[in-house]
Amino acid sequence: SRNRTAEQNRKAWALMSEIAAFMGDEKDAVYKQLALDFTAKNLETLQGMLFHLSTASVSTASDFITMCVNIIIEYDIPTKEPLYTLCDDEQKYVYACLMNKKCCICGKKADLHHCDAIGMGYNRNTKPQLGARVLPLCRVHHSEYHTLGKTEFESRYHVVPVPMDRRIAGKYNISGKAAS
């Protein structure tokens, strides 16, 4: 399998730098700890080998980047670059933001934005919503979405709406009915 890309290497080190700065620790020490954590969580996939970013496959590097992004979201770690530009899997990133109620653009507190029309004459309490595509957006980015429109907004920020599943519905106290 192909080794990680230069872009993945840049993203991984940028993410680890942000985590290190937040923790007040050296970047190399943070890398060693994250590599151990990643190895422990992915023993089977790594076939018992210790994770090394320099020799990781594209898909393994992507999983490592996703782990780093999830840590940053979970612990509210500030980043110099918008986090959506540092993720390697947009859908996993948006899902993590949804589960932590963080805006996928700026990281502020988010509300659920329905990308598939649900309001405008529909009763949110009776219209089925599972499977409907959603994004976590703060009020500012929610308004911007409506101003720019779906296509322009999604291409500007490179975010991919995800279908609402039962976990997302539960997080936002939404009826668990499937979308029709």
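Predicted model: local features only at pLDDT ≥ 70, side-chain atom pairs only at ≥ 80, totals over all residues.

Student: How many helices and strands does the chain have, and in what order do the elements run?

Tutor: Let's count the elements: the secondary structure comes to 8 helices and 3 strands. Reading from the N terminus on, the order is α-α-α-α-α-β-β-α-α-β-α.

Student: What share of the residues counts as buried?

Tutor: A residue is called buried when its relative accessible area is under 20%. The chain has 180 residues, and the share of them that counts as buried is 43%.

Student: Is Met-23 buried or exposed?

Tutor: First find the residue: Met-23 belongs to helix 1, which covers residues 6-23. Its relative accessible area is 52%, and the cut-off for exposed is over 50%. Met-23 is therefore exposed.

Student: Which residues make the nonpolar surface patch with Met-23?

Tutor: Good follow-up! The patch has an area of about 360 Å². Besides Met-23, its members are Phe-22 and Tyr-75.

Student: Is Thr-66 buried or exposed, and which residues does it contact beyond its neighbours within four places in sequence?

Tutor: Thr-66 sits in helix 3, residues 58-74. Its relative accessibility is 13%, so Thr-66 counts as buried because the limit is under 20%. Leaving aside neighbours within four places in sequence, the residues in contact with Thr-66 are Asp-89 and Lys-92.

Student: What kind of aromatic pair do Trp-13 and Tyr-31 form?

Tutor: A pair of aromatic rings is described by the distance of the centres and the angle of the planes. The structure holds 7 aromatic pairs. For Trp-13 and Tyr-31 the centres are 5.1 Å apart and the planes make an angle of 35°. Planes under 30 degrees apart would count as stacked and over 60 as edge-to-face, so this pair is tilted.

Student: Which helices does that pair link?

Tutor: The two residues are 18 residues apart, and the pair links distant parts of the chain. Trp-13 is partly exposed at 24% relative accessible area, whereas Tyr-31 counts as buried at 14%. Trp-13 lies in helix 1 and Tyr-31 in helix 2, residues 27-41, which gives the answer: helix 1 and helix 2.

Student: Which residue lies over the face of Tyr-172?

Tutor: Look at the ring of Tyr-172 and search above its face. At 5.0 Å from the ring centre you will find Lys-101.

Technical notes. Residues numbered from 1 in each chain as written. Heavy atoms only, no water. Patch = residues over 30% accessible without salt bridge, like charges linked within 9 Å, V, L, I, M, F, W, Y side chains within 5 Å. Areas by Shrake-Rupley, 256 points an atom, 1.4 Å probe, with all protein chains shown as cover. Salt bridge = Lys/Arg side-chain N within 4 Å of Asp/Glu carboxyl O. Helix = DSSP H or I, 4+ residues; strand = E, 2+ residues; numbered from the N terminus. Buried < 20%, exposed > 50% of the residue type's maximum accessible area, 1.4 Å probe, protein only. Contact = heavy atoms within 4.5 Å. Phe/Tyr/Trp six-rings, centres within 6.5 Å; stacked < 30°, edge-to-face > 60°. Lys NZ or Arg CZ within 6 Å of the ring centre and 35° of its normal.
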